[in-house]
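Biologist: Could we go through this model together? I would like to begin with the contacts and then move on to the details.

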Amino acid sequence: DAGVIQSPRHEVTEMGQEVTLRCKPISGHNSLFWYRQTMMRGLELLIYFNNNVPIDDSGMPEDRFSAKMPNASFSTLKIQPSEPRDSAVYFCASSAGTGAYNEQFFGPGTRLTVL
Amino acid sequence: DQQVKQNSPSLSVQEGRISILNCDYTNSMFDYFLWYKKYPAEGPTFLISISSIKDKNEDGRFTVFLNKSAKHLSLHIVPSQPGDSAVYFCAASPASGNTPLVFGKGTRLSVIA
């Protein structure tokens, strides 16, 4: 299995532009999580889906952020309009939800820089 | 309000010695605890975990200890190797299954040859 795939790996954009981050979870996993890593706040959950349904989006910082999961193999995180303070590494993770230890598998991340 | 705290941002250890990474949590509802390891330009990878019904879990050179009364867990790496140099994240979850993890800010471990 290829693991969790994220694209692009790096994104540099100007303030005000729309940014779309993409994620393909591991096949067969039924939960998908979007996290953001910053120096100040560490790794924080933005939103997660179970069986393609958004369960908790309380971590989404503002209405400028939106996420979708149209099917079991694809999710997007969109920022519109982007701002410099959105600069961070965004991780997507997936889990199978079986077993007790709730292991999540992370993608390599997308490093976003908003100028 | 940080529910999972890793108070040491960095740690340096000599090769062959023991590395001890610490983590404290405040939410008594947490039932599962995990350690993730992260290399630069990669996503975190799962290392080891422990359920709240246990106080120790061992996997090769890695052992996690849980002290529920103190709301404290630690990761021991023995012996430490240069390839262990990475950022280690402590994470917690209130339940099994598909629930989000709450992460600490990480501790950067440097193992010096």
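Predicted model: local features only at pLDDT ≥ 70, side-chain atom pairs only at ≥ 80, totals over all residues.

Biologist: What is the figure for chain B, with a separation of 6 or more?

Modeller: In chain B, residues 24 or more positions apart account for 54% of such contacts.

Biologist: How many helices and strands are there in chain A?

Modeller: Chain A has zero helices and 11 strands. Its pattern along the sequence is therefore written β-β-β-β-β-β-β-β-β-β-β.

Biologist: And what does the secondary structure of chain B come to?

Modeller: Chain B comes to zero helices and 11 strands. The radius of gyration of chain B is 13 Å, close to the 13 Å that the globule rule gives for 113 residues, so chain B is as compact as a globular protein of that length.

Biologist: What about the radius of gyration of chain A?

Modeller: A compact globule of 115 residues would have a radius of gyration near 13 Å, and the 13 Å of chain A agrees with that. Along its principal axes, the C-alpha trace of chain A spans about 40 × 30 × 30 Å. For chain B, the C-alpha atoms fill a box of roughly 40 × 30 × 25 Å.

Biologist: What share of the residues of each chain counts as buried?

Modeller: In chain A, 46% of the 115 residues count as buried. In chain B, 47% of the 113 residues do.

Biologist: Now a strand. Which residues of E3 in chain B are on the covered face, and which on the uncovered one?

Modeller: Strand E3 of chain B covers residues 19-25. Its covered face holds B:Ser19, B:Leu21, B:Cys23 and B:Tyr25, while B:Ile20, B:Asn22 and B:Asp24 are on the uncovered face.

Biologist: Which strands pair with E3(B)?

Modeller: Strand E1 of chain B, residues 4-5, pairs with E3(B) in the antiparallel sense over two bridges. There, B:Val4 has B:Tyr25 as its bridge partner. E3(B) also runs antiparallel to strand E8 of chain B, residues 72-77, and six bridges join them. Across that pairing, B:Asn22 stands opposite B:Ser74.

Biologist: A change of topic: where are the cis peptide bonds in chain A?

Modeller: One joins A:Ser7 and A:Pro8, with omega about -10 degrees. A:Pro8 is in the loop between strands E1 and E2 of chain A. Another runs from A:Gln80 to A:Pro81, with omega near -10 degrees, and A:Pro81 lies in the loop between strands E8 and E9 of chain A. Most peptide bonds are trans.

Biologist: And what is phi at A:Asn51 and A:Asn52?

Modeller: Phi is near 50 degrees at A:Asn51 and about 75 degrees at A:Asn52. Most residues other than glycine have a negative phi. A:Asn51 and A:Asn52 are placed in the loop between E5 and E6 of chain A.

Biologist: Why does A:Asn51 count as exposed, but A:Asn52 as partly exposed?

Modeller: The relative accessible area of A:Asn51 is 53%, and exposed means over 50%. A:Asn52 has 30% relative accessibility, so A:Asn52 counts as partly exposed.

How values were computed
Residues numbered from 1 in each chain as written. Chains lettered and ligands numbered in written order. Heavy atoms only, no water. Helix = DSSP H or I, 4+ residues; strand = E, 2+ residues; numbered from the N terminus. Rg over C-alpha atoms; globule rule 2.2 N^0.38 Å. Buried < 20%, exposed > 50% of the residue type's maximum accessible area, 1.4 Å probe, protein only. Pairing = 2+ DSSP bridges. Contact = heavy atoms within 4.5 Å.
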